[in-house]
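The report that follows is meant for someone meeting this structure for the first time. Please look over the sequence and the model before reading on.

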Amino acid sequence: MKLLFLSFLALVLLGCQMISVSNQRPSLDVKLIGVWTGEYLEEGGTLKRWKQTRNADGTYVIEFSFTEKDETARDFTESGRWWVKDGLFHEIALPEKGHPDKYRYSFKKKDCVSFELMESEGFAEEEDRYTFSECLVADSPPANFSNSI
């Protein structure tokens, strides 16, 4: 009887540990998959616009366009990986160096998501938090799971 109880207890404790570990694994929020656009006006007058494609395999590509007050423009592209862990959106550019940026996110309007930066390397803490919104403009292209997270 004692052996049966100890076996049952070990099984319960192992099951609790497995549940705890699985809750901490990165996952994808399918509501974030697709092609999104956004813009952000910096205090200095630079207008940042982007189109981000978040894929179902955990990869992303962002096409940026920054326009300065004097109308000079700079375009560039960034790619990397994204995931959700502990309720926060994580994003890291490739090649992976350092730590991912972490954002709190919420869907306030249909097909639009708001982000608030919570943690980033090289981010100087300001009085006003860095927040922005993106709106869905298209579904994501078909998934390629060969390089998934």
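In what follows, contact means heavy atoms within 4.5 Å.

## Basis and confidence

This is a predicted model, in which local features need pLDDT of at least 70 and side-chain atom pairs count only at pLDDT 80 or more, while totals for chains, interfaces and linings use all residues. Residues are numbered from 1 along each chain as its sequence is written, and side-chain values use heavy atoms, with hydrogens and water left out.

The protein chain has a mean pLDDT (the predictor's confidence in each residue, from 0 to 100) of 83, with 73% of its residues at 70 or more. Taking helices (H or I, at least four residues) and strands (E, at least two) as DSSP runs numbered from the N terminus, confidence is lowest in helix 1 (residues 2–24), where the mean is 51, and highest in strand 2 (residues 47–54), where it is 98. Over residues 16–22 pLDDT stays under 50, and the model has zero contacts beyond four places in sequence for them.

## Gly38 in strand 1

Gly38 is found in strand 1 and counts as buried, at 13% relative accessibility; buried means under 20% relative accessible area and exposed over 50%, with partly exposed in between (1.4 Å probe, protein chains only). Not counting residues up to four places away in sequence, Gly38 touches Lys48, Arg49, Trp50, Ser133 and Glu134. The C-alpha atoms of Gly38 and Lys48 are separated by 8.3 Å, although the two are 10 residues apart along the chain.

## The nonpolar core

A nonpolar core is a set of buried Ala, Val, Leu, Ile, Met, Phe, Trp, Tyr and Cys residues joined through side-chain atoms within 4.5 Å. The largest one has 17 residues, and those with the most contacts inside it are Leu32, Trp82, Phe89, Tyr103, Tyr105, Val113 and Phe115. Two or more residues come from each of strand 3 (59–67), strand 4 (73–85), strand 6 (101–109) and strand 7 (112–119), with strand 3 giving the largest share, four residues.

Leaving aside neighbours within four places in sequence, Tyr105 is in contact with Asp29, Leu32, Val84, Gly87, Leu88, Phe89, Val113, Ser114 and Phe115.

## Backbone features in the loops

Glu71 lies in the loop between strand 3 and strand 4 and is exposed, with a relative accessible area of 63%. Asp86 has its place in the loop between strand 4 and strand 5 and counts as exposed at 60% relative accessibility.

A cis peptide bond, with omega about -5°, joins Leu94 and Pro95, and Pro95 lies in the loop between strand 5 and strand 6.
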